[in-house]
Amino acid sequence: MRMSGQTQMNLIQRCAECQRLWWKYSITMVKHIKLEDKLQVAAAARESTRVTELKVLVESAAQQRTHARQAISHHEQEAHGARGAKEHSRAMLAA
Ligand SMILES: [Zn+2]
């Protein structure tokens, strides 16, 4: 995962809630990526039952990832102001 900029790192280090939310997001992101990998392997092997199972898991992981990202945006707007949140959203898109 790519973290952008010194400002963002400083912000995360200053705020315990940011640290917690970014940690949570990184876990959901890794989980989502791993499941997508498994899905691709299963699809390549034409394991249709496994593909169906994994699609449900991937969808669920994607939702958790989105929620975690929204929680970061929400916290940043509440705690650090809208401008910071905007910068962070760009950083997330680049990640
Ligand atoms: Zn914060």
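Biologist: How are residues numbered, and what pLDDT do local features need?
Modeller: Residues count from 1 along each chain as its sequence is written. Because this is a predicted model, side-chain atom pairs count only at pLDDT 80 or more and totals for chains, interfaces and linings use all residues, while local features need pLDDT of at least 70.

Biologist: In what order do the elements of the protein run from the N terminus on?
Modeller: Helices (H or I, at least four residues) and strands (E, at least two) are taken as DSSP runs, numbered from the N terminus. The secondary structure comes to 4 helices and 0 strands. From the N terminus on, the order is therefore α-α-α-α.

Biologist: Which residues of α2 are buried?
Modeller: A residue is buried if 20 or more other C-beta atoms, placed from the backbone, lie within 10 Å of its own, exposed if 12 or fewer, and partly exposed in between. Of the 95 residues of the protein, 14% count as buried. In α2, the buried residues are C18, L21, W22, Y25 and H32.

Biologist: What distance does α3 reach from its first C-alpha to its last?
Modeller: The expected span of a helix is 1.5 Å times one less than its number of residues. For α2, with 29 residues, the reach of 42 Å is close to the 42 Å expected. For α3, with 33 residues, 48 Å is expected, and the reach is close to that, at 46 Å.

Biologist: Are α2 and α3 roughly parallel or roughly antiparallel to each other?
Modeller: Axes are lines fitted to C-alpha atoms, for helices over the stretch in contact, and angles run from 0 to 180 degrees between N-to-C directions. The axes of α2 and helix α3 (residues 48-80) come within 8 Å and cross at roughly 160 degrees. Angles under 35 degrees count as roughly parallel, over 145 as roughly antiparallel, 65 to 115 as roughly perpendicular and the rest as oblique. The two helices are therefore roughly antiparallel.

Biologist: How many nonpolar residues does the contact of α2 with α3 have?
Modeller: Ala, Val, Leu, Ile, Met, Phe, Trp, Tyr, Cys and Pro count as nonpolar, Asp, Glu, Lys and Arg as charged, and the others, Gly among them, as polar. Beside 4 polar and 9 charged residues, the contact of α2 with α3 has a nonpolar count of 19.

Biologist: What distance separates the C-alpha atoms of T28 and Q63?
Modeller: T28 is found in helix α2, and it is partly exposed because 18 other C-beta atoms lie within 10 Å. Along the chain, T28 and Q63 are 35 residues apart, yet their C-alpha atoms are separated by 9.2 Å.

Biologist: How far apart in space are K24 and Q64, C-alpha to C-alpha?
Modeller: K24 lies in helix α2 (residues 16-44), and it counts as partly exposed because it has 17 C-beta neighbours inside 10 Å. In sequence, K24 and Q64 are 40 residues apart, while in space the C-alpha to C-alpha distance is 9.7 Å.

Biologist: Is R46 buried or exposed?
Modeller: The place of R46 is in the loop between α2 and α3, and its phi is near 55 degrees, a positive value in a residue other than glycine. Because R46 has 8 other C-beta atoms within 10 Å, it is exposed.
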